[in-house]
Each structure stands twice: as structure tokens, then as C-alpha cells.
Amino acid sequence: MSERAKPRRPQTFRLDDPDVVVVDAEDTGRPGRGTIQITPEADPAQLPVPVEVVLPARHGFRWGALFWGSVAGLVLLGLGLGVTHLIEDLFARSEALGYLGAGLAAAAAVALAAVIARETFGLVRLATIEKLHQRAAAVLLSDDRAESREVIAELLRIAHANPRLARPRAELAGHADDIIDGSDMIKLAERELMTPLDIEARRLVSVAAQRVSVVTAVSPRAMIDVLFVFVASLRLIRQLARLYGGRPGALGMISLLRHIIAHLAITGGMAASDSLIQQVLGHGIAAKLSQRLGEGVLNGLLTARLGLAAIDVTRPLPFTALPRPALADLAKDLLRKREDEE
């Protein structure tokens, strides 16, 4: 085996020394004996700048939307025609039955209009909160003072219906005309308005996780476990959305579930949960629990992870000035409670 070359000792030299040779990085030539070779570093300003590739929007005719729109129109026309024939038949049989049928049809139409208005309002409210979250994140990067004031004004309008935020709203409104940078204003709003909501959100997630853990630990059937976890998760998501200002209906809940699942897929939430569960339950703690209690703890942790993802989706401001709730803390509380029960 050949001996390892000795490391070169530090040297000092002058730039105007004739023995100092400046070469390019691509030059593979061998310098002369006694010369000092220097390779200048690339100037960062001259390096190629990565360009974000933006896919062009699709402007073609959407045949799928036309198909489903046409089918929905035909169904509505068929229902309307069927109701009209029913009322005519009721009038032909008895005038009283005709008026009763017309009254029930009018009540159903009013109720349908109210449901459509409620669902539309819920979707618009969720879209407003999502857009506000994105605008606040953009202000944190751009430090735009004017944009931050618009974000704060919109945030105050959303928080106006929450009585527990009356004092924080007044304090935040008092700082609206102060000379504060845009990013600092967003952080101030987060500390003032989101602190009580984050505390309540963590309590809701912890209570839901403990409830799922207890019920799934004592239930005799796996189908009951799955059904209860699903219902508890839907209830938790609805509670968190209402806490942060959203008012989701049936369509809003579908939209929230889609966003939460996408959030978990993008952030790798389920993988992180599995890693944490293996670390927490695999180091002697799971051995102290029975099999049923261990399954209950697992279901509770998965419910807690889903709740934390729902907080990220439904929260109108990103986590910057305040710490994000950690699954490890909820897991420790849940395991401590299960050990006490055992």
C-alpha cells in the first residue's frame, strides 16, 4: 500500500508574486514546479438563477363540467315536473289536499333555499380564511405594511363574532395606526388573537384523543372503533373550524377533509405519527399497558394528529410568533392518563 500524502502546510504569498498562477476551475493542466496555483471562486451574482416552472392554466372546454351541469339541470327539471303533477293530482282529488301539497312544496323550497345559502356562506367563509392565511404568510415574507393592515382588518371582521376575543380585538385595534412593520404586525395579531384560540384548540384535540382512546379500548368490535373514530374526527374538525371563525356545512366539511388529507400527505404527517408512536410505545411503555389499552392509545394518537392537521388548515394565521402544538406533548398526556387508569 502506498503511503498517505502529507497534508500541505499553510503558506503566505503576495498576489504580485510571479510564481502565483491564476487558473480556471476547468483547467486540468499541471502547474510548473515551484508555482502556486489559485482557482478563483465563482461570483454568486453570475451564477444561474433557478426559475420556478409554472404550469400553464388549462383553458380548454371542460366537457365533464358540461355533462354534470346538464345532468343536474335535468334532475331538477324532473323533480319540479313531478311535484307539479303531484299538486295537480291533489287538487283534482280534493281542494284541501291541493292546498296542503302546495304549502308543503313551498316550505320545502324555502328550506332548500336556506340550506343552499348556508352551504354557500360556509364555503365562502372557509375560502376567506384560507385566502387570509395565504396573505398573512405573504406579508411575513414581503413585510408590506399596507397589506398587513388589510389582513388585520379582515381578521378583526372574522373574529368579531367570538365574544372571548373582545379584549384582544380592542388591544389590536389600538395598534392599527402605530408605526409597526408588516411582519411584526402579523406576529402581534397572532399573539393577541390566536393565543386563547390555540389553548382552546389544544384542549379540544386532547379531549377528543382521550375520548377515542377510552372508547376504542373498551369497545368489543373493530367496526365500532372505526365508526367512533370517524364520527369523533368529524366532530373535532367542525369544532376547530368554528373556533377559528369558520362555519362549515356539509359541503364545507367535505372541503375541509380534502384539505386536511392533502396537508397530511404533503407534510408527511402520518409517517411522523408512526415514528413517534414507535418511539413512545416501543421503549417499555407499551409493555406496561394491556393490548386493548395499547390499541386505544394508538387510535387516540392518530386522532390527535388529525386534529393538529385540522388546526393548521382552519387557523387564519400561520404559526410564527406562537409555537405549533406538538404531538409529543399530547402523546405524553395521553399515555400518562392511560397509565393512571391501568
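Which backbone oxygen lies 2.7 Å from a polar atom of the side chain of Thr-314? That of Ala-310 does, and the views below place this pair in its surroundings. The model is predicted, with local features needing pLDDT of at least 70 and side-chain atom pairs counting only at pLDDT 80 or more, while totals for chains, interfaces and linings use all residues. Residues are numbered from 1 along each chain as its sequence is written, and side-chain values use heavy atoms, with hydrogens and water left out.

**View 1. The protein chain comprises 10 helices and 2 strands.** Helices (H or I, at least four residues) and strands (E, at least two) are DSSP runs numbered from the N terminus, and along the sequence they follow the pattern β-β-α-α-α-α-α-α-α-α-α-α. Of the 342 residues, 32% count as buried, a term that stands for under 20% relative accessible area with a 1.4 Å probe and protein chains only.

**View 2. The largest nonpolar core contains 47 residues.** Such a core is a set of buried Ala, Val, Leu, Ile, Met, Phe, Trp, Tyr and Cys residues joined through side-chain atoms within 4.5 Å; here Leu-172, Leu-240 and Ile-311 touch the most other members. Helices that each supply at least two residues include α2 (95-142), α5 (182-218) and α9 (291-314), and α5 gives the most, with 12 residues. Leaving aside neighbours within four places in sequence, Leu-240 is in contact (heavy atoms within 4.5 Å) with residues including Ala-201, Leu-204, Ala-310, Ile-311 and Thr-314.

**View 3. Thr-314 lies in helix α9.** The residue is buried, with a relative accessible area of 5%. Not counting residues up to four places away in sequence, Thr-314 touches Ile-129, Leu-240, Ala-241, Tyr-244 and Leu-256.

**View 4. The largest pocket holds about 320 Å³ of space.** A pocket is an open set of points on a 1 Å grid over the protein atoms alone, where a 1.4 Å probe fits and protein lies on both sides within 12 Å along at least five of seven lines, and its lining residues have an atom within 4 Å of a point. Among the 14 lining residues, Leu-126, Glu-130, His-259, Val-313 and Thr-314 are the closest to the centre of the pocket. Helices α2, α7 and α9 each supply at least two residues of the lining, to which α2 gives the most, with 7 residues.

Notes. Buried < 20%, exposed > 50% of the residue type's maximum accessible area, 1.4 Å probe, protein only. Points joined across faces, edges and corners; volume = space filled by probe spheres on them. Polar contact = N/O pair within 3.5 Å; in protein donor to acceptor, adjacent residues only side chain to side chain.
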